[in-house]
Each structure stands twice: as structure tokens, then as C-alpha cells.
Amino acid sequence: MANTGNGFTLLEVARSFRPRILAQRDEIEALRRLPEEMTRELARAGFFRVTGRWSLVSGCELGSWMVLLCVVHEDGKPRPTPTGPPEIRFMLLPSSECEIIDTWTVGGLRGTGSHDVAVRDVFVPAAYGSGFTDPHVLPEPRYRIPPFSRVIPGLGAMGLGIARMAIETFSEIAGAKIPQRTTQMLCDNHGAQVRMSQAESLVRSARLFLFDSLDRLWSTVSATGEAPMEQRAHVRLAASHAVASAVQAVDLLYVGAGATSLYTSCPLERAFRDVHAITQHIGVHPRVMETTGRVLFGLPSDTPLL
């Protein structure tokens, strides 16, 4: 766990921001980005080793630098690697040299500010570029965890966090609502009780799978410096499963709360939009399950980027 230098872990700092984030969630959604003051405080606390892409570049309006994944061209066409696919490299460049194009008008995850970014004829020194197969420079074990094994589990964590909020919201609604055509509180309804149990089971089991797969990978990397392909597959599978489980949990509760879920004043309405938006991220595309299945069968991975 990273330490911010003042005795608090980043996790503790993140938890301390929770009340403010909840209080400002309407403002965040309306702005389609985090408020400037909150962003600066998070940065001072040690957050933001920020990465982006040409499209869906989350937080691009707030970053000082951009990390863009680029295809290397030679003689006007993509330069192939020895195995066939085009060579791709991350390029680090100042945000001042990038154009942010306002495209983030979406149904879910509005507060991420994931606009498009355009760069035109900007020279990037070779030292500011890196690829997936470059030798390791920093010695700490965490830098030997493959990029996608570091980044994609965050999607699962976000999904499960949204689902946890949905469970808390449904509990509050069920304890106060008497549905029409009944004199029974929603929390006394057998169907609502089953939905609550199913959602809780989905979220808790998916969380344990995600934590277990990451813990096993971290233990291996710490001990050997290597990240076996099978353990990478488990991490990616756990991330996809976490998102899928979160969607199922939110859907159960969204329907269970009835018409209350329709109103933007109800956190279930936003949870429904946000968790479904996560499913559109390429990191948890159904195609990933084909790759992880190959590895679980003992076959070689069809991509080195697992």
C-alpha cells in the first residue's frame, strides 16, 4: 500500500474524501469532470500516475501530462513487429501540446470527463516513449506487474463500488417505502428480500475473487519478479467477473425499488447508468473471456498483452 508521506495510506485518504464526493456528486455529473479544488487536493495527497488514450481519455482536462498509446509508422504505414501486429508505444507529452475535443456527452460515468484528445505533428523524444516489451527500469516489484494487470482490475473495483452504493440505497428505500396496492413495507416483501440476498452474494463473491487473484499475482511477482500468464488470466477474468456481477446486482435492485429508481434524485438511477457504462470499456469486453479461456485450457494466449 502506497504511503502519502504523512502517515496515511492512499486508501485512507480516499475514504476521507467519500463524504465530499457524495455531497458533490450532482455537481460532478453536471460538470462532467471533478471540481478543480477537489482535484488539486487529491493530487497533493498523492493521486494521479495518470494514463489516457486517443479517445475516452478520462480526466484529460485535469492532467499536466498525457500518456497516449500510438502506432509506430514507417514509410507511411504501420511498422510490423516480428510476430506480425503493428508496433505500439506509449508516448508521454505535455497536455499543453494536446487538443482536448469536447465529446463526453454520455449516459453514464459523466463525471470522468473522458473527452477525445488530438495531437498534430508533435515531436516526442525517444526517452519519453515506452513499449510493453521494453526492459524494466524501476526495481520495485509493483513495476513488474503487467500494465493491464494493474489497470483493468480498477474497472472491477469501480463496478463493485457502484453496486455497494446500490445495496445501501436499496436498503434505505426498502425501510421507508410501502409499494402501491399493498400495506407491507418493501423490506418485508419476500421478493425484495431475495433480491437483496442475491445482490449481496454477487458483490461479496466477486470482490473476494478479485482480491484473491490480485493477491496471488502480487505474491508471485514479489517473490520471483515474474508474472505468469495463468495468473494474469485469473486477474483479467476476475475483473470481468466483477463488472458482470456488479451489473447483475444493480439491475436486481433497480427493478426491485420500482418507480423510485427512475428519478435522478435516487442514487439507483445513476448507479444503473454508470455500471452499464463500465461494460463498454474494452478492458472487460466479452472477447477477453475467450483469451482467458484459452489460458485456462493450457493453450498459449492469443495476445501478449493479457
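This is a predicted model: local features need pLDDT of at least 70, side-chain atom pairs count only at pLDDT 80 or more; totals for chains, interfaces and linings use all residues.
Which residue in E4 does Leu68 stand opposite? It's Met91, and I'll start from there. Numbering starts from 1 along each chain as its sequence is written, and side-chain values use heavy atoms, with hydrogens and water left out.

Okay, the sheet. Strands here are DSSP runs of E with at least two residues, helices are runs of H or I with at least four, and both are numbered from the N terminus. Two strands pair if DSSP finds at least two bridges between them. Strand E1 (residues 65–71) runs antiparallel to strand E4 (residues 88–94), and 7 bridges join them. On to strand E7 (residues 129–130): E4 pairs with E7 over 2 bridges, again in the antiparallel sense. Met91 turns up here too, standing opposite Gly129 in E7.

Put together, that's an open sheet of 3 strands in the order E1-E4-E7. E1 and E7 stand at the edges with a single partner strand each, so one side of each has no neighbour in the sheet.

Now the second largest pocket, with a volume of about 210 Å³. A pocket is an open set of points on a 1 Å grid over the protein atoms alone, where a 1.4 Å probe fits, with protein on both sides within 12 Å along at least five of seven lines; lining residues have an atom within 4 Å of a point. The volume is the space filled by probe spheres set on those points, joined across faces, edges and corners. Of its 11 lining residues, the closest to the centre include Cys70 and our friend Met91. E1 and E4 each supply at least two residues of that lining.

Last, the helices. Helix H5 (residues 153–174) packs with helix H8 (residues 267–278) at an angle of about 160°, axes 9 Å apart; axes are lines fitted to C-alpha atoms over the stretch in contact, and angles run from 0 to 180 degrees between N-to-C directions. That makes H5 roughly antiparallel to H8, a label for angles over 145 degrees.

Definitions and conventions. Angles under 35 degrees count as roughly parallel, over 145 as roughly antiparallel, 65 to 115 as roughly perpendicular and the rest as oblique.
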